[in-house]
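Me: I have a model open and would like to learn how to read it feature by feature. Could you walk me through it?

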Amino acid sequence: KGELRMQSLTFDDAGMYQCIAENMHGIIYANAELKIVASPPTFELNPMKKKILAAKGGRVIIECKPKAAPKPKFSWSKGTELLVNGSRIRIWDDGSLEIINVTKLDEGRYTCFAENNRGKANSTGVLEMTEATRITLAPLNVDVTVGENATMQCIASHDPTLDLTFIWSLNGFVIDFEKEHEHYERNFMV
């Protein structure tokens, strides 16, 4: 296949590699540089979010993405308690922490620990629970005669600390009220 496979790379394997393809019509060359990277985990370029919001009863994923080579092993804590995979909590292979059915008891300081053979690092964020957004009045089916106007309502309750945006779509495509202002009109009820 023309492949070169290397296992258990060391710094001595770094350098310029050249592939030569030859047949009775001639010969061609292609070059590629192999760099060997090794570094302890660091969160300098991608720290954890300082504040993470999760909806009550919902699901949240807290990302942990340090720069590290080789890939680090991950662990998590909430305060001083070490977290393990369970029915509501899961640590993904990429280091992310998933919590489902979020409750008030899940609020607190979460720390991601990353460690490889070069060193270790950690980053911390605070999880806060918000009230879930709920549709309190859903749009109803409407039968309208061609040429008449139709009005559809949608009302939602939400956490007062958060902004709320309504997005309308038609057959799965978001309606652009600026481009289609002659056909659609958005009214806001206060």
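Me: Which domains does the domain assignment give?
Reply: Domain bounds come from an automatic or database domain assignment. Here the assignment gives domain 1 as 38-128 and domain 2 as 131-189. The C-alpha centres of domain 1 and domain 2 lie 36 Å apart. Bear in mind that this is a predicted model, where local features need pLDDT of at least 70, side-chain atom pairs count only at pLDDT 80 or more, and totals for chains, interfaces and linings use all residues. Residues are numbered from 1 along each chain as its sequence is written, and side-chain values use heavy atoms, with hydrogens and water left out.

Me: Happy to keep that in mind. What is the strand order in the open sheet of five strands?
Reply: Strands of a sheet pair through backbone hydrogen bonds, either parallel or antiparallel. Strands are DSSP runs (E, at least two residues), numbered from the N terminus, and two of them pair if DSSP finds at least two bridges between them. In this open sheet the order is 4-12-11-7-8, and the pairing is mixed. Strand 4 (51-55) and strand 8 (81-83) are the edge strands, each pairing on one side only. Neighbouring strands of this sheet are turned by 35° against each other on average, direction ignored; the axes behind such angles are lines fitted to C-alpha atoms, and angles run from 0 to 180 degrees between N-to-C directions.

Me: How many bridges join strand 11 and strand 12?
Reply: Strand 11 and strand 12 (residues 119-130) pair over nine bridges in the antiparallel sense. They form a hairpin with two residues between them, and Tyr 110 stands opposite Gly 125 in strand 12. Strand 11 (residues 108-116) is also joined to strand 7 (residues 73-78), by six bridges and again antiparallel. There, Phe 74 stands opposite Ala 114 in strand 11.

Me: And which strands form the open sheet of three?
Reply: Its order is 5-10-9, with antiparallel pairing. The edges are strand 5 (59-62) and strand 9 (89-91), each of which pairs on one side only. From one strand to the next the twist averages 15°. Four bridges join strand 5 to strand 10 (residues 97-100), and Val 60 stands opposite Ile 99 in strand 10.

Me: Let's turn to charges. How many salt bridges are there?
Reply: Side chains of opposite charge can pair when their charged atoms come close. A salt bridge is a side-chain nitrogen of Lys or Arg within 4 Å of a carboxyl oxygen of Asp or Glu, and the count comes to seven. One of them joins Glu 128 and Lys 51 at 3.8 Å, N to O. Glu 128 lies in strand 12 and Lys 51 in strand 4, so this pair ties together parts that are 77 residues apart in sequence. There is also a network of salt bridges linking Arg 59, Arg 90 and Glu 98.

Me: Where do Arg 88 and Asp 106 lie, and is Asp 106 buried or exposed?
Reply: Their side chains meet in a salt bridge of 2.8 Å, N to O. Arg 88 is in the loop between strand 8 and strand 9, and Asp 106 is in the loop between strand 10 and strand 11, 18 residues apart. Buried means under 20% relative accessible area, exposed over 50%, and partly exposed in between (1.4 Å probe, protein chains only). Asp 106 counts as buried at 5%, while Arg 88 counts as partly exposed at 27%.
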